Amino acid sequence: MQALELATLGGGCFWCLEAVFDELKGVVDVVSGYSGGHVPNPTYEQVCSKQTGHAEVVQIAFDPSVISYREVLEVFFTIHDPTTLNRQGNDVGPQYRSVIFYHSPEQQAVAREVMQALTQARVWDNPIVTELVPFERFYPAEDYHQEYFKRNPYQPYCALVVGPKVAKFRKQYFDRLKRTV
């Protein structure tokens, strides 16, 4: 196995992103957390107050010999709406912004290429507003947020929001799932 790479991505509620990326071949670990703000070690309540500057993100450790960073981003752009500023559905606020925190100049270049290709293909009616910024710091979210969907599939938000996103992902990327679910 090659050395693992990291991707740090925000696209709405981290429960949704974590639930999808956990099932993707080549992904070794997914941790929900916070990035992009100015408050060290923020709590969920602080991030939700919209005063810390942090986004809810997932930090994905993946094996680039199995899945490329480009492929990680392609999945990312199919599981959230990158055209809505500071919101995903009913989740509103800067903590829900669409953002890519790149870990290297190579990741920055790939992210630009992917966003440019999606823009040229006119995948969405509105322009992509995903922020592309250098990674600085990641703070893992509280333990109860980790593997949230897996542990709470019938919680109302999970059943109504996360579940349908996971089902759409499974259908679209069936051949890329770690196992048949």
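**The annotated cysteine and its surroundings**

Modeller: Cys13, leaving aside its neighbours within four places in sequence, is in contact (heavy atoms within 4.5 Å) with Glu56, Asp91, Tyr96 and Tyr157. This is a predicted model, in which local features need pLDDT of at least 70 and side-chain atom pairs count only at pLDDT 80 or more, while totals for chains, interfaces and linings use all residues. Residues are numbered from 1 along each chain as its sequence is written, and side-chain values use heavy atoms, with hydrogens and water left out.

Biologist: Which feature does UniProt place at Cys13, and where is Cys13 found?

Modeller: The unreviewed UniProt entry places the feature "active site" at Cys13; such annotations may be inferred rather than shown by experiment. Helices (H or I, at least four residues) and strands (E, at least two) are DSSP runs, numbered from the N terminus. Cys13 lies in the loop between strand E1 (5–11) and H1.

Biologist: Is Cys13 buried or exposed?

Modeller: Buried means under 20% relative accessible area, exposed over 50%, and partly exposed in between (1.4 Å probe, protein chains only). Because its relative accessibility is 8%, Cys13 counts as buried.

Biologist: At what angle do the axes of H1 and H6 cross?

Modeller: Axes are lines fitted to C-alpha atoms, for helices over the stretch in contact, and angles run from 0 to 180 degrees between N-to-C directions. The axes of helix H1 (residues 14–21) and helix H6 (residues 156–172) come within 9 Å of each other. They cross at roughly 35 degrees.

Biologist: Which residues of H1 meet H6?

Modeller: On the H6 side, the residues are Tyr157, Cys158, Val161, Val162, Lys165, Val166 and Phe169. On the H1 side, they are Trp15, Cys16, Ala19 and Val20.

Biologist: In which strand is Leu9 found, and what is its relative accessible area?

Modeller: Leu9 is found in strand E1. Among its contacts beyond four places in sequence are Leu17, Val72 and Phe76. Leu9 is buried because its relative accessible area is 0%.
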